[in-house]
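Hi,

Here is the structure I promised to hand over. Please open it and keep it beside this email.

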Amino acid sequence: MTNPFRFPEEQAQLPEPAILIIFGVTGDLARRKLMPALYNLARENLLPARFAVVGFARSDWNDGKLRAEMRRAVEAFSRTPLLGPVWEEFAQHLYYFRSHYDDAEGFRRLDECLQELDARYNIPGNRLHYVATPPVVFQQIIRHIGLVGLNRPRTPGSWVRVVIEKPFGTDLASARQLNASVGQVFSEDQVFRIDHYLGKETVQNLLAFRFANSIYEPLWNQKYIDHVQITVAESVGIETRAGFYDQTGALRDMVQNHMMQLLSLMAMEPPVALEANAVRDEKVKVLRAIKRLAPADVSKAVVRGQYGPGAIHGQPVPGYRQEPGVHPNSTTETYVAMKLEIDNWRWAGVPFYLRTGKRLPKKISEIAVYFRTPPQLLFERGEFDHAFTTNVLSIQIQPNEGISLTFNAKVPGSEMRIRPVVMDFRYGSSFGLSTPEAYERLLLDAWQGDATLFIRADEVEESWRLLTPVLETWQRMPPPDFPNYPAGTWGPSDADVLLALDGRRWRRL
Ligand code: NDP
């Protein structure tokens, strides 16, 4: 069986027989993402014949309840419809294990249960732990895995790995502490810190686009690129996540992880191989090269915002402080715009502008690369009608995944009229395939031990090192003007000023 996620020359074999243990299986992530992803892997014959999935949680469930709940989840959230026979076969491999996350005896019984399943399915002791609970229990789970020896291969030649969900820490100190706790139980090559953005096809295509083509790489530097804009916009508010979001905010929720990943993939040097440490070495170098923001720079380089009441697609929506569960004087930011500079030879003098927010007019994530303007001497004379634009390469990550290039062309006719036009590549129309979900790719990679698309300990810490001073400065200086943008608009006016001071504008999306 070939694996459609890989290039032909790296067609891997099926993953080895193993047991996947999902901690927190009763939760939202398991329903929405993990189980639909596993089901689709099973449907495409990408799971080994000998495997088991053990869901671990406190709720009073059993195997039957888990299978029934997960069937409903797959029906609701899978990208492909549920096929009865595929589901029935897959569901035979699902088991529920009830325990508390800090109960050593429970973890000992878990070990016994896993050994029984090893025997039943002829599995050689391979374990993939998946920590899918809220972060408050991450450390308890990891500690107890270590306490009962579930971190060590049970038989010679078998393996144990752990996938850890985001958020990985809330600032530099907590990320370091979590890394240290994880490091007491697992070696770094066993640890797979997930950022599901890296599982998205378009994000991986950034690597293919940059390094499988020869035409862009010579231009990918300060000689030809004027600036870069990275946008991750959402039209939704906080939905039912007030408790989480009010403690978190946009900087932690979006910038520290997803946006820093996009930035480092966009800006990194070519790695010596498409291999986990080679790729991650280059990403870390980018993060290290970003100019640190001293407290005095924060207000000049970073804008924060919070939405007030407004309208989305013509429907009135409440402001953030009026959302159920949010403190009426909350100072949590729902919007961030920032200017970062990368101090290396490739990027010196090229600003990277990042913006993300909730309740913006539409949902869109893209990287836009603005090239320098050409000398316009030829067309500057009055008799030519021109509406020049700089060349913009837009890599759209979601929705409508694709890449487009804006360039100037002559309008047909007897006059020399110049207008911008767009050259467009869309995944859907070019490949016509239903794109696999990020979690399908990431689960398969973790199962096969390929950490290229997972975050290394030093990457997490570098990203927090850069952003923690922003959080600390904000904490010392509460925002005087929240809410400062109505829902359904593109954020606070200060974000426009941030670019206007450099003679630039945000791209209209
Ligand atoms: P949930 O709040 O749904 O929690 C998952 C399960 O963890 C619960 O069903 C509960 O099971 C158990 N749990 C253990 N301790 C606690 C606690 N203190 N409070 C609440 N539940 C607890 O979380 P999600 O499934 O939404 O998220 C899990 C992880 O995945 C988080 O780290 C999240 O940031 C990350 N994530 C989630 C995404 C999503 O779409 N939901 C997307 C990306 C990342 P029980 O009571 O049965 O033990």
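Below are the notes on what was found, starting with the ground rules.

This is a predicted model, and residues are numbered from 1 along each chain as its sequence is written.

**The ligand**

Next, the polar contacts (pairs of N or O atoms within 3.5 Å). Ser59 places a side-chain N or O atom 2.5 Å from an oxygen atom of the ligand. Leu29 uses a backbone N or O atom, 2.7 Å from a ligand oxygen atom. Asp28 has a polar side-chain atom 2.8 Å from a ligand nitrogen atom. The ligand alone exposes 860 Å², and the protein buries 72% of that. These areas come from the Shrake-Rupley method with a 1.4 Å probe.

**The domains**

The protein is divided into domain 1 (8-165) and domain 2 (198-377 + 461-500). The bounds come from an automatic or database domain assignment. The C-alpha centres of the two domains lie 34 Å apart.

Most residues other than glycine have a negative phi, and most peptide bonds are trans. Some places here depart from that. Helices (H or I, at least four residues) and strands (E, at least two) are DSSP runs, numbered from the N terminus.

- Lys166 and Pro167 are joined by a cis peptide bond, with omega about 0°. Pro167 sits in the loop between strand E5 (160-164) and helix H6 (172-185).
- The loop between helix H13 (457-476) and strand E19 (485-486) holds Pro483.
- Asn45 is not a glycine, yet has a positive phi of about 55°. Its loop runs between helix H1 (28-43) and strand E2 (51-57).
- Asn400 is not a glycine either, and has a positive phi of about 55°. Look for Asn400 in the loop between strand E16 (392-398) and strand E17 (402-410).

Best wishes

Conventions. Predicted model: local features only at pLDDT ≥ 70, side-chain atom pairs only at ≥ 80, totals over all residues. Heavy atoms only, no water. Polar contact = N/O pair within 3.5 Å; in protein donor to acceptor, adjacent residues only side chain to side chain.
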